[in-house]
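Colleague: Before we go through this model, I would like the terms settled. Please set each value against its definition and then conclude.

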Amino acid sequence: MLQSALMNVMVKAARRAGRNLKRDLGEIENLQVSLKGPANFVSLADKRAEEMLYDDLSKARPGYGFIGEEGGSREGSDKSHTWIVDPLDGTTNFLHGIPQFAISIGLQREGVLIAGLIYNPANDELYTAERGKGAFLNDQRLRVAGRRQMNECVIACGLPHIGRGDHELSRREMTAIQEKVAGLRRFGAASLDLAFVAAGRLDGYWERNLQAWDMAAGILMIREAGGTVSGIQGNDDPLKTGHIVCGNEAIHRELVKILKPLEA
Ligand code: 2AM
Ligand code: CA
């Protein structure tokens, strides 16, 4: 795979921040965290990772805007480009030493996603995509799964935790999907769920109440792997609604058909 200069910048930044996150994960696993406890330690790790990404990306592409989970948005002199960054997606997993978390970097030009990267430093899986150039896991070209029968599909979802979202609705959704599929999964890192759909590991995925940085890179990843992605209405923009559903064209359609009527 010939990597563009832009993707080189993104990969370098993600690998540097990833090395640190991996070291921090080791610290948590060995319980060498400070007296203030692991949650505080993780939030520091999170902030450090975002600062590192901001430094590297803004050095390589001066003036681009930056929207990050930790730092809020920083405007740049270049109004057409914006990085959308989650320095640590899957924070709860990370805090518990579960190696399912990632750095997610998306880039928009004039509001259009043109590049995306999702990197899990725990297992060194690096997902990359550029608009019109396909999606890759390390050097391997990605394609969404081809299954068209729901009863053969493994579908992932996100679930609202304590104090968040509509728990009743999420149970109705799970019940409706559960009755139709070969397996229902919940991994806890939205960016990786999207990457898994792009890679054909998962046949589909849906989740509500996400933020742009959870989804930006993954949305492009799925499109470049030949998949379909939208909000729960089937034709709306997940970056606007915060709700996302995806799969190949057939499975996306099936999921929308089941989920959409449950909203009311
Ligand atoms: P985070 O780990 O960076 O918070 C879990 O279902 C997924 O939802 C994770 O990717 C998590 O990202 C994301 N998420 C986004 N907003 C969230 C919120 N307000 N509460 C919990 N998870 C959230
Ligand atoms: Ca996140």
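Modeller: The model is predicted, so local features need pLDDT of at least 70 and side-chain atom pairs pLDDT 80 or more, while totals for chains, interfaces and linings use all residues. Residues are numbered from 1 along each chain as written, chains are lettered from A and ligands numbered from 1 in the order written, and side-chain values use heavy atoms, without hydrogens and water.

Colleague: Which residues are donors of the calcium ion (ligand 2)?

Modeller: Asp86, Asp89 and Asp214 coordinate the ion through OD atoms at 2.1 to 2.4 Å. Donors are N, O and S atoms within 2.8 Å of the metal (3.2 Å for Na, K and Ca), and sites may look incomplete because water is not among the atoms. Along the chain, the donors are spaced as D-x2-D-x124-D.

Colleague: Why does the pair Asp86 and Asp214 tie together parts of the chain?

Modeller: Asp86 belongs to strand β3 (residues 78-89) and Asp214 to helix α6 (residues 212-224), so the pair joins parts 128 residues apart in sequence. Helices (H or I, at least four residues) and strands (E, at least two) are DSSP runs, numbered from the N terminus. Both Asp86 and Asp214 are buried.

Colleague: Why is Pro99 called partly exposed?

Modeller: Its relative accessibility is 47%. Buried means under 20% relative accessible area, exposed over 50% and partly exposed in between (1.4 Å probe, protein chains only), so Pro99 at 47% is partly exposed. Pro99 sits in the loop between α3 (91-95) and β4 (102-109). Apart from neighbours within four places in sequence, Pro99 is in contact (heavy atoms within 4.5 Å) with Asn120 and Ala122.

Colleague: How many residues of β3 are buried?

Modeller: 9 of its 12 residues are buried, hence β3 is mostly covered.

Colleague: What makes β3 and β4 a pair?

Modeller: Two strands pair if DSSP finds at least two bridges between them, and 7 bridges join the antiparallel strands β3 and β4. Strand β1 (residues 64-68) pairs with β3 in the parallel sense over 5 bridges, with Phe66 opposite Trp83. The open sheet has 8 strands in the order β2-β1-β3-β4-β5-β6-β7-β8, and its pairing is mixed.

Colleague: What makes β2 and β8 edge strands?

Modeller: β2 (72-74) and β8 (140-141) each pair on one side only. Helix α2 (residues 38-60) packs on this sheet, touching β1, β2, β3 and β4, and its direction makes about 150 degrees with that of β3. Axes are lines fitted to C-alpha atoms, for helices over the stretch in contact, and angles run from 0 to 180 degrees between N-to-C directions.
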